[in-house]
Structure formats: C-alpha cells, structure tokens
Amino acid sequence: MNARRPIALAAAAALLTLSGCRGCEKAQSIQEVALDVAATSSGPAPAVAVAGPATPAYAGPSSKAADGFQLSTGFLDANGKPLPQPKSAVSNAIYTTALDPAGHPIGALERVGSAEMVGFLVALDLRHALVASAPAPVREGADARALTFAPPGGGDHALVVVFKPQGGALHAVISPVSVAGNLPQLMGPGLNGLGMRAATALEHVQLSILPANRAPTAPLDLTLEDIDSQGHPKGAVMVPFAVLVDPPMGRAFVLETQGDSPLLHWHKPEPGEWLVLVAPQKGDRALAFHLSIPPAAEGK
C-alpha cells in the first residue's frame, strides 16, 4: 500500500470533522476527499505560465519591401571569386538581382540617371555611407547587376538598392549585409549625429524643406543646394532622386525630381525621423542627412 494513503485518509477525516462540510450541496465521502488530497500532494505544484513582455516585431533590413519587391544578393572578391560575406578595406562586388512581388527576377530595368541600379551601403551606426551604381547587367541576358564597394570597416550594414522596372516606378529595397573586418574603437554618430548639411571630400550640400512654414503633414519639397565651406550658397544641386530610410533601416521610399526641376516632392510626409541618402556628384561617399518631420498638433 502506498505510504501516502493513510496520511491522506487521516487528513481528509480531520477536514470533514472540523468543517462538517457546511454549505455543501453534496457531501463528499472520505474516500473521494482522500483521493483528491492524494492527487494534489503526490508531486510538485504545476507551473503557471506567466506572460512576459511582448517582443517587438523586427523592423530592420529584410531584403523585402512593404510593396513586395525583393532583392537577391551574392558576394564576389576583386578576382571574381565567391565570398560568404564582403570584407572591409578591399573591393567587393555585390551581385544584386531585383525581384518582383511574386519573386520573379526583373531583368529589364530603366535607367535612373546614368545607371540601371544604384546602391547605398550604410553602416548601421552611420559611421560611413557608400554609394555604387551599375550601368548594365553583369553580362548580356543576365538579371543581376554588380554594385562594387570598399567599406572602410566591418560590422552590420544595410544595402539600400534603388531600381526602376521597365514602365514602372522607382523602388527601394533594403537588404542586411554583414561585413567582415575589424570594428572601429568608436561607434558612429548615429542618426542624431547627422544634420541638414552633409559633406564629402569633394562637396558640401545643404538640405532644405519648402515651404518652411508648412503644416506638419502637408505636402512638401526637398531641395539640395551646393554651399562652400563657410555655408554660403553656390547654387542648386540637381539629382534624379533621394532615398528616405527609417531609423531601423527596414523601410525606404524614393522621391524623384521631375524634368528640369530640382525639387524632390513628398506628397504625403510621415512624421518621424528619417535618414536621407543622396548620390554625390563625384566620388563613392554618399551624402547623408537627418530629416525630422514633427507630428501634427493634437486636436487639429
């Protein structure tokens, strides 16, 4: 006989004697109560699941945009040999194929400026932002384009690729890229370390919003102006497009200029903080700005 059974029976009898089972609609027998006590005392109490804090949804680079367009990438060294990941301080070709929402490669792309595909390789801490372009496919009949970068340091990056299918609109898709190589001792400036002015070794550019006194969610235009080292204006800068990227670098969209106008029109501005990427007139260092769109006042 189980050694716990006499103890359970005694406990049940004492329980009935003390309480008299007052208020019970149907009294339990000593044997039934004993079985209940034995069942609850035969092992440790069952664990109770406690709901923890909800894990926020991933919002970083994912090789797929909200509109369904996607990227497929592969890496080659300067000698054309495949790499598991790009390396810092040397030239790397990122073979990039644009895919439609059904996952089919897009072979025919329209030119955007002088290239069929433009890519920005951006360190997630924004310590550097590079730009590269592909004027044509890697070979006749191929779908892939080669974007060549020489990142100065390793770590996590976002590859922001801009392309335009034949007869379609401009799209921007962001893919995660991990670069092999030593990390710098100091972190980059992050988005808050950027401003409305950006400079490379070859140019200084000012980003402006028009009109300056607009309502927070009203349409706006972005303009770029060439300035000297003291900040004096030298003239408008014409670019075919600018890319706006959210801080997690998982979402991007493109603003285009139209005709001979230098204005980049934003029809439905979204309040928040934005990284603005622009291809420079010369060189491989992208122009990067921090654009802040305030929320609309409550009650309006």
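Modeller: Let's start at alanine 89, which sits in the loop between E2 and E3. Keep in mind that this is a predicted model. The phi of alanine 89 is near 70°, so a positive value in a residue that isn't glycine. Most residues other than glycine have a negative phi. Is alanine 89 buried or exposed? It counts as exposed, because its relative accessibility is 63% and the cut-off for exposed is over 50%.

Now for the strands on either side of that loop. E2 covers residues 82–83 and is joined to E1 by 2 bridges, with the two strands running antiparallel. In that pairing, phenylalanine 75 has leucine 83 in E2 as its bridge partner. E1 and E2 make a hairpin, with 5 residues between them. Glycine 80 is in the turn, and its phi is positive too, at about 80°.

On to E3, residues 92–99, which is also antiparallel to E1 (residues 70–76). How many bridges join E1 to E3? There are 7 of them, and glutamine 70 stands opposite leucine 99 of E3.

Serine 63 lies in the loop between helix H2 (30–41) and E1. Its phi is about 70°, again positive without being a glycine. Serine 63 is buried, because its relative accessible area is 18% and buried means under 20%. Alanine 89, by contrast, is exposed.

There's one more backbone feature to look at, away from this hairpin. Going from leucine 210 to proline 211, the peptide bond is cis, with omega near -10°. Most peptide bonds are trans. Proline 211 is in the loop between strand E10 (204–210) and strand E11 (220–227).

To put all this in context, the protein chain has 2 helices and 17 strands. Of its 300 residues, 38% count as buried. Among contacts with a separation of 6 or more, 60% are between residues 24 or more positions apart. The accessible surface comes to about 16,700 Å², and carbon and sulfur atoms account for 56% of that.

Methods
Residues are numbered from 1 along each chain as its sequence is written. This is a predicted model: local features need pLDDT of at least 70, side-chain atom pairs count only at pLDDT 80 or more; totals for chains, interfaces and linings use all residues. Side-chain values use heavy atoms; hydrogens and water are left out. Two strands pair if DSSP finds at least two bridges between them. Helices (H or I, at least four residues) and strands (E, at least two) are DSSP runs, numbered from the N terminus. Buried means under 20% relative accessible area, exposed over 50%, partly exposed in between (1.4 Å probe, protein chains only). Contact means heavy atoms within 4.5 Å. Accessible areas come from the Shrake-Rupley method with a 1.4 Å probe; for residues, only the protein chains shown count as cover.
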